[in-house]
Amino acid sequence: MRSLWATFVVGLILLSGSPTSVASPIEEFSQDSSYDPLDELLQTIENAAAPRVMVIGIDGVRSDVAQISASREDSGFARMVSEGAWTYDSKVGPISISGPSWSSMLTGVWCDRHGVMGNSFDNHKLDQHLDLIDRVERHNSSLKTASLVYWAPISELIIGPEIADIQERYGEDADVHDRAVEILREDLDLDLLFVGYDDPDYAGHVHGFSPDVSEYVDAVKLADDRFAELLDILDERISRGEDWLVIVTSDHGGGGSTLRGHSASSSEVDLTTFMMVRGGDTVAGEMYGSVVVDVAVTALTHLEVPLPNGENTLDGRPLAFQPDSDASRVPNCSAPLVEVTFSYIVPIVQVGIILVLAVASFIFFKRRKSTFMDEEE
Ligand SMILES: [Zn+2]
């Protein structure tokens with residue numbers, strides 16, 4: 001805009017051709033321009049001090065396996081424990097399934113409000129409950145937000161299309177991670193980064209969610225290592241004066257009721273995961289009473305985004321900042337029976353079809369054979 005104006009002014013000068021008229025447009029230009037070096041310096045300082053948030057969610061991390069990973073020297077989880085608030089006893093609510101839990105994490109309300117009871121997202125009410133990114137954007141659209149995920153429903157249904165300034169989905173955690181590294185290194189305007197990894201959940205479903213299954217343990221360690229790399233980059237930015245809050249957690253455990261599952265479980269192993277927070281007003285030390293809905297509320301509090309009140313009050317609390325927070329409301333979500341049975345419906349129908357076909361062909365060939373023999377006789 002300014003260069004357009006300058007071109008216009010220069011054009012006027014050239015057209016006028018008089019030396020006296022040279023001074024006046026330039027004077028006018030400098031008066032009209034809002035440029036002030038002091039203002040710019042203050043703006044830079046303000047930008048550096050502006051609160052920023054990085055939320056890292058890793059699908060399907062059991063608490064005990066997060067702890068195994070944190071016992072390693074270079075673990076990102078271990079750094080969070082030594083530098084912030086942490087717990088290996090964070091609850092995901094009554095349903096240990098990705099859909100409900102990621103929804104709770106990002107909206108800050110429980111399943112009985114957002115209505116997501118399973119991965120089908122049937123009858124969800126997410127349109128009535130803003131996710132973290134939407135809330136930030138509506139508060140101040142000039143804040144720069146980014147969401148990078150593996151699992152499509154997080155981006156398409158929970159956050160919704162075209163909400164974050166950068167909103168991308170990748171088919172591999174490695175690609176999600178590379179992009180996160182790139183954005184954190186290069187995007188100095190970034191205010192909120194959300195990253196959703198998936199490898200531990202995948203390894204758990206294929207090999208088993210267990211501290212005794214090496215494939216699963218290795219997947220958790222790899223996610224931890226990736227997180228540690230993001231933390232390193234963030235720490236460089238923090239050393240330049242930026243103010244970052246970091247939250248890392250998962251949407252559920254696994255292996256509690258069945259080795260390769262975690263669906264809608266009443267098992268504590270499935271319903272429990274880890275939660276770690278560092279930066280801002282975090283009170284370092286172990287957290288008690290941590291729940292997945294705390295994520296959105298803690299992030300919004302750090303970003304100084306006003307929280308809704310009255311009947312719209314969110315269920316989470318900024319527990320890491322206020323260790324004495326009241327307990328979170330206990331949600332009343334109906335058990336997702338459909339979700340549990342659905343995974344069995346497909347194989348049952350398949351087996352049924354095969355049986356019917358087998359019986360039908362048996363009868364058909366038996367009849368043909370008897371007709372053939374009748375004809376022979
Ligand atoms: Zn999950």
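View 1. Helices here are DSSP runs of H or I with at least four residues, strands are E runs of at least two, and both are numbered from the N terminus. This is a predicted model, where local features need pLDDT of at least 70, side-chain atom pairs count only at pLDDT 80 or more, and totals for chains, interfaces and linings use all residues. Residues are numbered from 1 along each chain as its sequence is written.

**View 2. Here is the open sheet, eight strands in the order S4-S3-S5-S1-S6-S7-S2-S8.** Its pairing is mixed (two strands pair if DSSP finds at least two bridges between them). At the edges sit strand S4 (166–169) and strand S8 (285–286), each pairing on one side only. S8 pairs with S2 in the parallel sense, over two bridges, and Ala85 stands opposite Gly285 in S8.

**View 3. Helices H4 and H5 pack at about 90 degrees, axes 7 Å apart.** That makes H4 and H5 roughly perpendicular (65 to 115 degrees; under 35 is roughly parallel, over 145 roughly antiparallel, the rest oblique). Ala66, Ser69 and Ala70 of H4 meet Phe77, Ala78 and Val81 of H5 (contact means C-beta atoms, placed from the backbone, within 7 Å).

How values were computed
Axes are lines fitted to C-alpha atoms, for helices over the stretch in contact, and angles run from 0 to 180 degrees between N-to-C directions. Two residues are in contact if their C-beta atoms, placed from the backbone, lie within 7 Å.
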